[in-house]
Every structure is written in structure tokens, then in C-alpha cells.
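Please look over the sequence and the model below before reading the notes that accompany them.

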Amino acid sequence: MSARMAPTETDLAAFVYREARLIDERRFQEWYELFAEDGCYWLPMSREQTDPVAAQSITVEDKLLLRARIERLNSGKTYSDKPPVLCQHVLQAPVCEDIDHAANRYRTRTVFLYVEFRKGEQLVLAGTAEHLLRLESGALRVVQKRVDLLNAGAPMATIFLMP
Amino acid sequence: MTTSEHLRAPRNGVAHLVQEDQVHRDVYISDEIFRLEQERLFSRAWLFLGHASQVPEPGDFVTAELAGQPLILVRRADRSLQVLANRCAHKGAAILTDPAGNTGRAFRCPYHGWSYRLDGSLLGLPMQTGYEGTRMRQCEAGQGLHRVASAEHRGFVFVRLGEDGPAFQDYFGSALAFLDLLADRSPEGELEVSGPPLRSVIRCNWKMYLENINDGLHVFAAHEPSAIAARKIWAGKPADEPKPMAVTQLEGFQLGNEFMDKMGARVLANGHSVLGINASIHSHYGEPPEYTAALAKAYGEERAKAILAYMPQNAILYPSIAVKSSPQVMRVIRPLAADRMILEAWCFKAKGAPAVLAERSMLYNRLVFSPMSLVAQDDIHVFETQQRNLCAIGNPWISLHRGHRGPEGADAETTIGGTDERLMRNQYRAWAKFMAADLPSGAAV
């Protein structure tokens, strides 16, 4: 990989902002395409959890299940999405925790608030998102987005969209 | 006359809310009915508290709140299980606030340091001399932590909160066979809870959720978006491509109404029921061959076949749990108020069974019962609109007419179609019975 192609901290942060924005703007197909073929979207039940499936998780979605998620949202038949559920990510500046050009491995940590607006009511969640990224054909892709919610493991209301 | 007096009238003031084929909306929306449920139904019925595998060692405990009652399940030194109120005998402070842990050989109240043995009896007091010559030891406080009646079946621990009510075996009767069916999935005959459950807060009455569990007719209509998604994600894949279990599990939701009806159901005494006595949407997962062999070795060919051939959609042990022997999951209904409940989705590992079965169990709960589940979103959407709308103008009666063509015996074990609303009528008959001021006597109770 040429040095010119290597992502900078600014590039990584811009990617994280864009990823959240695509969900907020309900551009689900574009969001889906940010994930690598082996990519995974994961919400563990505790901060200590190290494996998505060895212990229970709130959700673990590979590309196939992400596809199912956005097919539902795009189908126009999902009445629990009528009127469309909206969300807003409010992100702190992403912190680049690992930049390893040789291994093509990048990791950011982003503290966030997430507000979901469904049927006239707002749900507010707080947490930390960890993006594990890699460069594929010159574009950054999500290898894993791990979202640790402050209240993970506690009884929680339905989360309709994606924190 | 206030509503309250009316409901508490000795001649079964709630009976008029439950007719043979319909129920009044007050059973879902009235706060007073909920308080009366706490006094009568939840105190007389046997409610699921926890699983023995959560507290393997002496001193291990879990805490839980059941219909407003804070409880402790603890393993005593002699390895027996004890259920106690999580409420100091002195002034009512919570003894424990962690969901689970080990308390050692005693409990100690964080307020004044009163301590208790694991059987709940009073152990020590701060500056004991202050109580010398007082009545404290003869009074209620001196009796220690309140003990709650409990019973265990195959590791499942149930409690009866009140003094009044049927004995454990009489209450569940043949419904206990569904816990056996789940436990017998283990070649060693033993289950282990895998981790804490997924928990969702749902803003609906607990009975709406319980009705839905054996509602065969909602699957096709309510879960169509998930069924379509499951079809789309696997469309066009080569026939020899191994199908992921997630796709197999989601595909179950596209089986139509006819399938749901033909899967058959059975109602039992005291509100218990089973849907899917002929087949279920879980029938087609397939078993690893080494597992089939291990079961045959443990139970003999015939029983092993029976265990694997019978995988009901849901068996409800009224009013607190529903189990699926395959994929080894249990839902626990924890009522909080007339319009709020917690759903817990538990996973089980069957000891001695391949790891893939426990993985299926966790996968199913993530896909179908998690707060982020694509499937549950559609159910919860409906429950929450029902809860609001039942307070609105219009018909105050909820129709349960489907399949009702004449008087039905209250407690007879009966086989019916999988979309017959007798599954719900049966729940309300039990509800009305337990909500009456006085329980009828006899073994059928």
C-alpha cells in the first residue's frame, strides 16, 4: 500500500461520522455497503465480553443478517416502521486507538449519544462505539462495529434502528 | 360503590370480566385489576423464579422481583435451595442489590448490620445488649427473613408467594412434562443456564404477551416483513450452499396459517397449554448425528426418538413461562404494572450435548426475542398500540370467539387446532378462577 493511500486520523474520523450519518439519514443501502464481506455489527451484553457468540449478545449481525435488517426497512411493508422511525447519533470526536498500515488494521473509539424517535416518543441511549476498519481497494470498510451501551444487559426498550 | 369495592366483592367481583368467548378490556388496562392480580393470582399460582444452575455452590444467590416481590434464591450449606424475601426483618431495606453473587455463610443488611443465616433465621444483631429484655425475639422481626414456598422440577425453581393455593404438583400436573422434554435434551438429563437473559421492557399488559405466545394465527400476518426478508437474503443461492442456521430459523416465519393450524395444540388445567403437538416451525433444524447417538445411548432408542420428534412451538406453564425444547429457550414474563412488563429470553445448554445446540439457542433468542430483534419489533409494535387503544372508545370486549362453538369444560385436557383461540380462553378461565376471592377446593385447582 502506498503511503499516499494510507488513511490518516482525519480519514478515519470522517469515516466514523459518515457511518453514523448514513443511518440517521436512513440511507440503509449505502450504510450496508460500508461493511466488508466478513464485516460484523455487534452489541455485546457487557463491556467485559470478548466474543460475540460464546456469550449472549444483544445482536450479532453478519452481512447476511444486516441484509435482512435493511430489506425489512426498505420493504415498505414493515408496519412497525410506519411512520418511519428516525434516529440521531451525537458523536464525540473519534479517537484513533490503533493505526497499523502494515497490517491494514485501524481501530477507533467513539463515545456517543443515540436518540431514537419512534411513534412520538424519544429513546436516549449512551455508549461507546468501536470501529475496526480495513482498507479495501482504496476505501475503508467496517470489519467490526462494536457498540457498548451503558445499559447493556439491563432490561431495555426496543431499539428499532442501529446505535 | 367504588370500583375497588365492586372488584373485591366476595361473590367473585371479577368474574363478569371473563365470558366464555370474550374478555373485558379492564383485564388489560385497569391498575386495580393489576393490584388484585398481585394479591390473588400471582400469590396463589406457582411462578418461575430461577434455575438451580444459577446457584451451584453454597452461598450462591440470585435476586429477582416477581410481581412486585423482591426475592432471593440462595443455595444453603446442605445444598438445598431456599427462597427468601429480599427485605430486612428490621426496617425493610434490601439485603442484596446485586443480581447474582455469593453471600458466604450469612446475609448482612447494609443499614444496621442485622445478619441472617442462609435459611433466613436471625444470626446476629449490632450491640445485642440493646435488645435484652425486649419483645423483639418474640415479634415478627425476630423470625428473620420471610421464607417463601418453593419447589424445584428438573432445575426449574418455582415459588408460591402466598400461603393459600394449590400444591406444586397439583398446580402443574402434566404440564411438567414440557420441562422434562427440555431437560431430556441433555444426554445427562441436566440443563445449565447460559448466561444472563436478554431482557426487554414492553409497554403492554403481561397477558397480551402471554396470549401471543400460543397465538398461531398471528405469525403469518405479523411477521410477514421478517419472512420476506428471510426469503430475499437467501434467494438465488446455489442449492449446495450450506444454509446458515439464522436463515433456517427466520424461514420458519413464512410457514402459513394452514401450517400453524395443523400443528395442533392442547389445553391443560390451570391455564397451561402447548402449541405444536404435531410439528412446529422448529421441526426442521436437524440434529447432529453424534447427538442423536448420545441421546439413544442415554435414554434408549425409543425415548430418544420421542424427545427429538416432539418439539412444540411453545409450552406455557401459566402464568410465568413458555419453553421451546428446540431450540432450548424459555421466555419468562415478569409483570411490572397493568401496562408494563419485562420479557426475559433465557438460553439453555443441555449437558453432554454438542455446543452447536447451545449456539442455536442463543442465536434464536437474539434473532427473535432480543430488544434489537427484527421479529419482536413487529409484535411489540402491535402490543403497544393495543394497550393504548383498549383505553379508547369502541367495543370494550376482546373477541376470543375463534373455534368456540359451545360450552367448554374448564379444566379438561383437550386437543385442538393450532389457531383455535381456546388456547387463550383457557388462560382466562384459569385467570378468573385464581382471581376469585376464594379458590375452589379439589385437585383440579
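The notes below cover the overall build of chain B, its domains and one hairpin.

This is a predicted model, in which local features need pLDDT of at least 70 and side-chain atom pairs count only at pLDDT 80 or more, whereas totals for chains, interfaces and linings use all residues. Residues are numbered from 1 along each chain as its sequence is written, and chains are lettered from A and ligands numbered from 1 in the order in which they are written.

**Overall build**
- Chain B has a radius of gyration of 23 Å, which agrees with the value near 22 Å that a compact globule of 445 residues would have (taken over C-alpha atoms; the globule rule is 2.2 Å times the number of residues to the power 0.38).
- Its secondary structure comes to 16 helices and 21 strands, these being DSSP runs numbered from the N terminus (helices H or I, at least four residues; strands E, at least two).

**Domains**
- Chain B is divided into domain 1 (47–153) and domain 2 (174–435), with bounds from an automatic or database domain assignment.
- Seven residues of domain 1 of chain B are in contact with nine of domain 2 of chain B, contact meaning that C-beta atoms, placed from the backbone, lie within 7 Å.
- On the domain 1 side, strand S2 (residues 47–51) of chain B gives the largest share, three residues.

**Hairpin**
- Strands S10 (residues 149–153) and S11 (residues 156–160) of chain B run antiparallel and are joined by five bridges, where pairing requires at least two bridges found by DSSP.
- B:Ala149 has B:Arg160 as its bridge partner in S11(B).
- Two residues lie between these strands, and B:Arg154 takes a positive phi near 50° in the hairpin.

How values were computed
Two residues are in contact if their C-beta atoms, placed from the backbone, lie within 7 Å.
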